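Hello,

Here is the structure I said I would pass on. My notes on its salt bridges follow below.

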Amino acid sequence: MADIKNFDLIIIGGGLVGVSLAVALSDQNLKIGIVEEFEKEDLKRSSYDDKAIALAFGTRRIFEGMQIWENIMQDVEPIHSIHVSDKGNFGFTHIDARDENVPALGYVTSANELGKCLLSKLKNCKDIEIVAPAKVTDVNSNAESVEVSLDKNGKECKLSAPLAIAADGGKSFVREALCIPTKKKEYKQTAIVANLTPSKNHKNVAYERFTKNGPLALLPMKENKCAMVWIVKDKDVEEVMLKDDQQFIDSFQDKFGFRLGRFLKVGKRTNYPLSLLRVKKSIGDRIVIIGNAAHTLHPVAGQGFNLGIRDVSALVDVILQRKEGGLDIGSKIVLERDEKMRHV
């Protein structure tokens, strides 16, 4: 029989959302375990790749509260305004940070750079233990705790805590194992992402453009690069991906236009099939589902990671309030309150 290691909180998934939660709860006299399928220092996994992430102003506030914004801000580019247009139709919509009385409407960085900042902070958190590489094989709850069974390098291992948080992504093992019902919609579209270099200065403007074949977006990045999200129908993905760089640039230019002049260079292209997923209930017995495990959205909206950080913020507030009162952080009352806060 496998030995059981006890924690105050188990976080399943060491991606951006899971690590953000751990960092936010560090130094609060909680023994936290992070279960991660990959090696501790591996930044090659999908959640830490080079794809761009748009951080909302509210996300900046949360990171400021976690005392890591000063580190993150070195690698972000602010969005001062947003330009929205519809190809073939006259006029456009313009949103400016000055009109909203904020320094920026959002900030753009890469998952890789954000991950480095979070993992650097994590290294100094003595109350957090990373259990990796380890794969979750089973999750069971009782009146007092939740038990997580792991395959760690071929050996069985068990962890126990009053509360477990599933932040294990869109293909969440925990969500499926608990048979949590979901609402899912296949868009029959794929997002192609890459970095583009325009001939004109982007001037910290983000662009969202709608076309008959699907929307596209350009986000300002450092060194006058732009992060591109180009939505194409599934049937057209192979054709677009097989184009050489100049053919690809020309095709995108035709869809976007010349507001940024001619595009001079395109970086590595990656594609992601799109679907909408939302859990009908984000809590189980002593378990909470957060991040992409609970909801995945269309990438042009740019809110996927921000919703995950909102989950983190609401959950931290509820856990710390209960802990300060000497109460059970994994009780049904706590979890239902957290779910209500996250859906306001």
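Arg269 and Asp245 form a salt bridge through their side chains, with N and O 3.0 Å apart. This is a predicted model, and that applies to everything below. Arg269 sits in the loop between strand S18 (263-266) and strand S19 (270-279), while Asp245 belongs to helix H8 (residues 245-256), so the pair ties together parts that are 24 residues apart in sequence. With a relative accessible area of 15%, Arg269 is buried, because buried means under 20%. Asp245 has 41% and is partly exposed.

Salt bridges with shared partners also join Arg60, Arg61 and Glu64 into one network.

Another pair is Lys222 and Glu77, whose closest N and O atoms are 3.9 Å apart; the cut-off for a salt bridge is within 4 Å, so the pair counts as one. Lys222 is in the loop between strand S16 (214-220) and strand S17 (226-233), and Glu77 is in strand S5 (residues 77-79), so this contact ties together parts that are 145 residues apart in sequence. Here the Lys222 side of the pair is partly exposed, at 37% relative accessibility, whereas Glu77 is buried at 14%.

Arg175 and Glu176 also meet in a salt bridge through their side chains, at 3.2 Å from N to O. Arg175 counts as buried, with a relative accessibility of 3%.

In total, the count comes to 13 salt bridges. The ones described above are among them.

Regards

Technical notes. Residues numbered from 1 in each chain as written. Predicted model: local features only at pLDDT ≥ 70, side-chain atom pairs only at ≥ 80, totals over all residues. Heavy atoms only, no water. Helix = DSSP H or I, 4+ residues; strand = E, 2+ residues; numbered from the N terminus. Buried < 20%, exposed > 50% of the residue type's maximum accessible area, 1.4 Å probe, protein only.
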